[in-house]
Amino acid sequence: MEHVDHIELPDQRVAVCGDWHRNLGWARMLSRALPFLAPDVRTVLHLGDWQMPPTETDEAFSETSIERIYVTLGNHEPWDKVTKLQNQYPGEAIRVSEIIWLLPRPMRMTIGGRRVLSLGGAASIDRQSRIEGSTWFPEEAVTDHHVAEAIAGGPSDLMLTHEGPAGTPVHPVREILRTNPHGWPAEALEASAASRARITAVWDAVRPELLAHGHMHVAAGGRTEDGRRVASLGRDGQNGNIGFLDMNTLRMTVPHLSIIRGYAEQWEDERVERERRAVSVVKSMDSMAVDGLAPSPEALHDAQDYVDGRRTLDELTEDVVRRHTRLPEKGAEGTP
């Protein structure tokens, strides 16, 4: 729909999300919680393994403040289609729906005055269970060319990746890499290590204050001896999948999963209640029409306030009485 080689946003706070894996139900849950958690946030920075259907995703966020989702692509993406698209517009961010943008490798942005570097891609450690060209694509890999271009862009304040760095300060991620709990074969582990080494080469060169990544399905953080921070975000359905990042301090607030679910349920309860009020108003208007009456503009305004929950029925009744009740004139029959 659109393609640009430069992105500059004034946003002082953004949402950062880990893997969603085409989980539309999870996206809808987040979209229902967002108006309560962060009504000021306009931008989502997604860290890959996206795979979301564009039209349905637009619809899910249509009642939120979200205006754009920038996707740093992961390893589990339809790289056959993505690569063809990116080859048409090399080095440019491509808008594929009303709010979804796919970022190239690498992509430089400015958000809230901060220098941001996106470098997508990662090694599929489960590739032996996938079919090349169908469910796994060599194009997923971070290449030496990507690394050279990312480094050439100079220092960055914030780095967005799917793959995490080697020697990560995030302890739970280090333990997974050390123990290999899923028993991945040596060949896959070697490819994963090579991919992390490329990310590390960029990380060490551009030296961001914060690197945020997905891929490991672990929500945790850590700090290196020289003060650089790494944030690993969880996957869809996990605690720590979404965080709200202050672009001034580069500090991230991560709401607990129970809070997200609670707000999503509250949104659902409010939606059901709004529909109930709307049905009640329609029935009342239909009754008036049967009697040959038409609602005044004031009555329609009152009805909309009731449907939207701005005023209760008792408040409306009190207001109607106040507006339409007149004190008797002095000297009128039956008055002192």
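This is a predicted model: local features need pLDDT of at least 70, side-chain atom pairs count only at pLDDT 80 or more; totals for chains, interfaces and linings use all residues.
Two strands count as paired here if DSSP finds at least two bridges between them, and the strands themselves are DSSP runs of E with at least two residues, just as helices are runs of H or I with at least four, both numbered from the N terminus. With that in place, V16 stands opposite G243 in strand 14, and this belongs to the antiparallel pairing of strand 3, residues 13–17, with strand 14, residues 242–246, over five bridges.

Residues are numbered from 1 along each chain as its sequence is written, and side-chain values use heavy atoms, with hydrogens and water left out.

Let me turn to the open sheet, which has eight strands in the order 1-6-7-5-4-3-14-15 and mixed pairing. Its edges are strand 1 (2–4) and strand 15 (251–253), each of which pairs on one side only. From one strand to the next the twist averages 25°, where axes are lines fitted to C-alpha atoms, for helices over the stretch in contact, and angles run from 0 to 180 degrees between N-to-C directions.

Next comes strand 8, residues 107–111, whose covered face carries M107, M109 and I111, while R108 and T110 are on the uncovered one. Strand 2, residues 7–9, runs parallel to strand 8 and is joined to it by three bridges, with M109 as the bridge partner of I7. Strand 9, residues 114–119, pairs with strand 8 in the antiparallel sense over five bridges, and here M109 stands opposite V116. Strands 8 and 9 form a hairpin with two residues between them, and G112 in the turn has a positive phi of about 60°.

Now to the aromatic rings. Rings of Phe, Tyr and Trp (for Trp, the six-membered ring) pair if their centres lie within 6.5 Å, and planes under 30 degrees apart count as stacked, over 60 as edge-to-face and the rest as tilted. By this rule there are four aromatic pairs. F36 and Y263 are stacked, at 5.1 Å centre to centre and 5° between the planes, and they link helix 1 (residues 24–37) with helix 7 (residues 257–290), 227 residues apart in the chain.

How are the planes of Y70 and W101 arranged? They lie at 55°, with the ring centres 6.0 Å apart, so the pair is tilted. Y70 is in strand 5 (residues 68–71) and W101 in strand 7 (residues 100–102), 31 residues apart. Both are buried, which for protein chains only and a 1.4 Å probe means under 20% relative accessible area, with exposed over 50% and partly exposed in between.

Ring pairs also link W20, W50 and F61 into a cluster.

Finally, the largest pocket holds about 450 Å³ of space. Of its 20 lining residues, the closest to its centre are I125, H182, W184, H215 and M216. A pocket here is an open set of points on a 1 Å grid over the protein atoms alone, where a 1.4 Å probe fits, with protein on both sides within 12 Å along at least five of seven lines, and lining residues have an atom within 4 Å of a point. Helix 6 gives the largest share of that lining, four residues.

Conventions. Grid points are joined across faces, edges and corners, and a volume is the space filled by probe spheres set on the points.
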